[in-house]
Structure formats: C-alpha cells, structure tokens
Amino acid sequence: MDDIKAGRFISLVLRHHPEAAGLTLDSEGYADTAELINGVAKRFHGFNADDLDRIVRENNKHRYSYNEDKTKIRAVQGHSVLFVNIDFEKKTPPSILYHGTSESFIPQIMKEGLKPMTRQYVHLTADKETAYNVGIRRRKPVVLLVDCEKMHSDGYEFYISENDIWLTKEVPVKYIKRL
C-alpha cells in the first residue's frame, strides 16, 4: 500500500469530500475513525488501523488529529466543507508570515489580495521554506511576505491551527510584498 496516495485520499476526504469514503463529518470536522478506515480500505485494499496510525504519526505536515480515545479523527485545518467550524485559538501573529503560491496567481493576488478561495481561511506560515514548498507544487513558486504586525494593528484577526499554520480570513494587497 502506498502511504502517500492513501494520505492524500484521507486529506481529500477529511478536508473536502467526506462522501468520497462514504463519511459524514460533524461540525468540528471529525469523522468516525472506524468508518474512515472502512472507506479508505475500499480504495486501498488491506488498509487498516495500523496504516492510519502510521499515516497520522508520520505525516510531515501533521494534518490529522484524533480525539482522546481515537474513535474520531479530523484534518486540523484546510477545510472547504462549509459547515465545519473548528474553534481555532485566536492569537497575535508574529510580525511577518509567508504565503507560498505560483507565479501564475501573482497578477490576481496583487490586484485582489489573498483570499481563502474554496477554503475557510488563508493559510500562512512562519517558515519561508514551507511557503516555498507550497508554491512549488504548481511550478514556478513565489513566496509572499505578509505584514501581520500591521494587519493585526488594523484589526484583522489571526488564528493558529494544531499544526502551527496561521489562518486569517483575507490578506488585502497593501499588506503583501513579493520576496
């Protein structure tokens, strides 16, 4: 079994399309762990609880979390499913954060700012390399610097996810610089 492909499928299911594995998510984004395993096993034969535990534990982006007794699992951020409302910790951001994108999106971003598009939030990171790696997925990566100190002082709210991704509803153009 290919952990990378199974992990991508789990991400798709827990963030965007739970119906792809025959699941429903609750309002906090949790799915029943046993149902997820069964749904994934229909696509990746032999998939079991040990495989899921390994994918959760070894995922380099720490995308998933269990509830205390591991009967439920969710993606920690990045949802496009509108009824999911994770209670993220509101926090004062560092002075600057980064956003990775592709060169092809720069004209639109520099005209309209960063918008969540199909997701609930714009995703930012404190690490330039992480931003670069996000951008390179679509070729010709561009890293943008976001003046979070000014945004926050202007009243914009920031949240942090369990896996240390910074979230905000939008980033207007005046706070963005291209690196």
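Okay, let's start with the inside: 45% of the chain's 179 residues count as buried. Buried here means under 20% relative accessible area, exposed means over 50%, and partly exposed is whatever falls in between, with a 1.4 Å probe and protein chains only.

Quick background before I go on. This is a predicted model, so local features need pLDDT of at least 70 and side-chain atom pairs count only at pLDDT 80 or more, while totals for chains, interfaces and linings use all residues. Residues are numbered from 1 along each chain as its sequence is written, and side-chain values use heavy atoms, with hydrogens and water left out.

So, the overall picture. How many helices and strands does the chain have? Six helices and ten strands. Along the principal axes, the C-alpha atoms fill a box of roughly 50 × 30 × 25 Å.

What about contacts? Take those between residues at least 6 apart in sequence: 71% of them join residues at least 24 apart. A contact means heavy atoms within 4.5 Å.

Now for the rings. A search of the whole structure turns up four aromatic pairs. One of them is F88 with Y121, edge-to-face, at 5.6 Å centre to centre and 85° between the planes. The rule is that rings of Phe, Tyr and Trp (its six-membered ring) pair if their centres lie within 6.5 Å; planes under 30 degrees apart are stacked, over 60 edge-to-face, and the rest tilted.

Why does the F88 and Y121 pair tie together parts that are 33 residues apart in sequence? Because F88 lies in the loop between β3 (72-75) and β4 (89-90), while Y121 lies in the loop between α4 (106-112) and β6 (122-124). F88 is buried at 11% relative accessible area, and Y121 is buried at 11% too.

Another pair is Y156 with Y175, edge-to-face, at 5.6 Å between centres and 75° between planes. Y156 is in the loop between α6 (148-153) and β8 (159-160) and Y175 in the loop between β9 (166-168) and β10 (176-178), so this pair ties together parts 19 residues apart in sequence. Y156 is partly exposed at 23%, whereas Y175 is buried at 3%. Ring pairs also link F88, Y121 and Y159 into a cluster.

F88 comes up again with S161. S161 sits in the loop between β8 and β9 and is buried, at 4%. Leaving aside neighbours within four places in sequence, S161 is in contact with V76, Q77, F88 and L167.

In that loop between β8 and β9 we also find D164. Is D164 buried or exposed? Exposed, at 53%. Its phi is near 65°, a positive value in a residue other than glycine. H62 is not a glycine either, and has a positive phi of about 50°. H62 lies in the loop between α3 (49-58) and β2 (64-66) and is partly exposed at 47%.

Last stop, strand β3, where we find I73. I73 is buried, with a relative accessible area of 0%. Beyond its neighbours within four places, I73 is in contact with a list of residues including L14, Y30, L52, V56 and Y66. L36 is on that list too; I73 and L36 are 37 residues apart in sequence and 8.4 Å apart, C-alpha to C-alpha.

That's my tour, thanks!

How values were computed
Helices (H or I, at least four residues) and strands (E, at least two) are DSSP runs, numbered from the N terminus.
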